[in-house]
Each structure stands twice: as structure tokens, then as C-alpha cells.
Amino acid sequence: MAHKVTLIPGDGIGPEITDAVVKIIDAAGVEIEWDKHEAGIPAIQEFGKSVPDGLIDSIKENKVALKGPITTLVGKGFRSANVTLRKKLDLFVNLRPVKSIGGVPSRYDKVDLIIVRENTEDLYTGIENLISPGVTQAIKVVTERASERIARWAFEYAREHGRKKITLVHKANIMKISDGLFLRTFEEVAKEFPDIEAEDRIVDAICMNLVMDPTKFDMLLLGNMFGDIVSDLAAGLVGGLGVVPGANLGDEYAIFEAVHGTAPDIAGKNYANPTALLFSALLMLKHLGQIEAADRIWKSIVVTLAMGNNLTRDLGGKATTTEYRDELIKEIGSRS
Ligand code: NAI
């Protein structure tokens, strides 16, 4: 029976890369009935809302969504559709595996990091005030409930996936109360998992440590803001945003999406690299129990990248999105 999945093409390069990914999954023989919905700017134009009710209903029914990137205007406009979706569906985990892949030009070749970012609070609650002209305030919210929930999720993930160590990243030397609570809660939860090593680092130090030698780390657990920043840094260690996937997970629903944004500089030009969204889709296929198809597509990507034929520009090639897509489809076909 076909899986039903909500598809959010997004904007910018979103429609180009989601189209490529849908065709690649189809070529691998996985039957998916896509329920397509707009979010962000296209949804505002059509429904006057960045996250229309029909989209939320669709994800609640299907439980799983694949999402392209969505523009968030800087310093003005509506609340981020991404933040709204994560809040409304209580997707408290943002999982970002960062792994070196042969054939992708990068600074390191043995990186294998799992980044877990708390997805619902911190500075992303959107509580900002203009105190008086020229004076502003943004509020960082950290609760024991959310800190404990994400810490427990990370330790359980470590156990299930054979990970040995979790490094909690914070700035508790300055934000003694808020990040202090995040750190203390992590240390309490860690006592329940004596088989997993637990350590902590201050965020500025870990940025340097990661650039010096990322292989020293196994799993990182971060709050929402530091998680956003450090995961982009980590993407830079393995070849950039074009190859790093992501998943937003809760107890009931899951949205799979790449780490990167809408890439307005290349949107509509057929240059975009769909690999990060495709890797996100592989996480989705595993979530749906399609392990064999996910492994087959993974092997096809690895071989295509290693051969270096028809790669997109960000990977050092000259191919368009569609040429790269067709190369992958050919490789998948040879393994079916
Ligand atoms: P970006 O990730 O869109 O682009 C940064 C750089 O990476 C650009 O040079 C771009 O061309 C390149 N790049 C990104 N993805 C690529 C891909 N798949 N293939 C080839 N090159 C790629 O970050 P930026 O410019 O800061 O953000 C643009 C917009 O995206 C903003 O409105 C931002 O809010 C939004 N955004 C949305 C996200 C989401 O929907 N999950 C995540 C991050 C940003």
C-alpha cells in the first residue's frame, strides 16, 4: 500500500529540489501518495496565512511530511513558517546528521557527527519588545520540561544507534540561569545513562574545537539558537549546506527537510543541489520502514558522488539539477 506523505515544496529552490527528490524516490520504486501543500510566501499569497490550516490538518492525518525550504523575511513580516510548524506540531527534536561523504570536496574526510537541537524554545519563542525608542529586548525561554525531554531523547537515540558520547553545548558562564538550567537538567538525565559518556562545552570553545578536529565529537546537544548556528558550521566541515539533511521530530509527527534555506541567489536557475533534501528523504524512508530502498538510494548517491560525473556546481561540477537527478536515477536503475 502506498504511504501518504504531505509534500511542502516551499519557495526559492524548494520546488526544483522537491521535484527532483520525488522523481528519484519514484524511480526507486517506493510508492508514495504525495499530498501537496504550500507554506510561507506562496501560502500567504493564496490563503493569507504562512501556515494554512489545511497544511496542519494534512500533516496531522499523514503524520509525515517532506518539506522544501521557506523564506523568512529579515527584520519584518510574518513569523517564520518553520517555527510555526515546529511549535504547532510539537516537533521538539531537530536532528541533523553531519557525515563526510567520499567525492564531496570538503576540509575533513572522517566526520560523523549527530547534532540534536532543541526545537521549541530558547530565543525562537519570538518574544521581543521595543522597550523605548532605541532600546529592545528579546527573551530566551528555557524550561526544565523541554530541557529534560530533549536530553532524554538524545540519550535514548545514542543507545539505540550505538553512539558513545554526548557533548552538551551552552553558554552557562554568561546565561547562568537559563543555560544553567539546560546544563543542570542534562547532567541529571545523564545519570540515568551511565553507559553513555556525557560532557559539556561552552559554545564559543566548541566552534573552535570543531574546526580544529571534528572527529573528537560523537553527538552534540544544543539549544535552539546555538543548534542553528553550530549545525551550519558543522555542515561547512563536510562540504556545505548542499549535503546535510535534517528531521524535525515529535512524539506524533515528523517533518523531514534539509538544513539549507531557499538559496535565492540560484533559485529558478536549475543549479540547486537536491542531495541534502534527498538525504532528508532517506531519513523519512527509514522512518516509514523503507530501509532497503533508502539503502539503495544512499549507495547510488555515494557512487555518483565518488564517480564525479554530472555533479552540481556547489560540488565542483557543471551539471544542472535535472542532469544530476537523471544521473542518480540511472544509478538507482542499475541496482534495481
Ligand atoms: P541558504 O541556505 O538559502 O543559502 C546559503 C548559501 O548556500 C547560498 O550561497 C546558496 O546558494 C547556497 N545553497 C544553499 N542550499 C543550496 C543547495 N541545495 N544547492 C546549492 N547551493 C545551495 O541561506 P540564506 O541565504 O541565509 O537564506 C535564504 C532564505 O532561506 C532566508 O529567507 C532564510 O530565512 C531561509 N531559510 C529557510 C530554512 C528552512 O526553510 N528550513 C533554513 C534556512 C534558511
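An oxygen atom of the ligand lies 2.7 Å from a polar backbone atom of Gly 261. On its own the ligand has 820 Å² of accessible area, and the protein covers 68% of that. The model is predicted.

**Ligand site**
- There are 20 residues around the ligand, and those that come nearest are Ile 70, Gly 261, Ala 263, Asp 265 and Asn 273.
- By class, this shell is made up of nine nonpolar, seven polar and four charged residues.
- Ile 70 has a polar backbone atom 2.8 Å from an oxygen atom of the ligand.
- For Thr 72, the distance from a polar backbone atom to an oxygen atom of the ligand is 3.0 Å.

**His 260**
- His 260 sits in the loop that runs between β12 (254-258) and α9 (275-287).
- The relative accessible area of His 260 is 10%, so this residue counts as buried, the cut-off being under 20%.
- Apart from its neighbours within four places in sequence, His 260 is in contact with Ile 13, Ile 17, Pro 69, Leu 241, Asn 273 and Ala 276.
- One of these contacts, Asn 273, is also among the residues that come nearest to the ligand.

**Domains**
- The protein chain is divided into two parts: domain 1 covers 1-91 + 240-336, and domain 2 covers 107-237.
- The C-alpha centres of domain 1 and domain 2 are 25 Å apart.
- Where the domains meet, twelve residues of domain 1 are in contact with ten residues of domain 2.

Methods:
Residues are numbered from 1 along each chain as its sequence is written. This is a predicted model: local features need pLDDT of at least 70, side-chain atom pairs count only at pLDDT 80 or more; totals for chains, interfaces and linings use all residues. Side-chain values use heavy atoms; hydrogens and water are left out. A residue is near a molecule or strand if one of its heavy atoms lies within 4 Å of it. A polar contact is a pair of N or O atoms within 3.5 Å; within protein, one must be able to donate a hydrogen and the other to accept it, and residues adjacent in sequence count only if both atoms are side-chain atoms. Accessible areas come from the Shrake-Rupley method with a 1.4 Å probe; for residues, only the protein chains shown count as cover. Ala, Val, Leu, Ile, Met, Phe, Trp, Tyr, Cys and Pro count as nonpolar, Asp, Glu, Lys and Arg as charged, and the others, Gly among them, as polar. Helices (H or I, at least four residues) and strands (E, at least two) are DSSP runs, numbered from the N terminus. Buried means under 20% relative accessible area, exposed over 50%, partly exposed in between (1.4 Å probe, protein chains only). Contact means heavy atoms within 4.5 Å. Domain bounds come from an automatic or database domain assignment.
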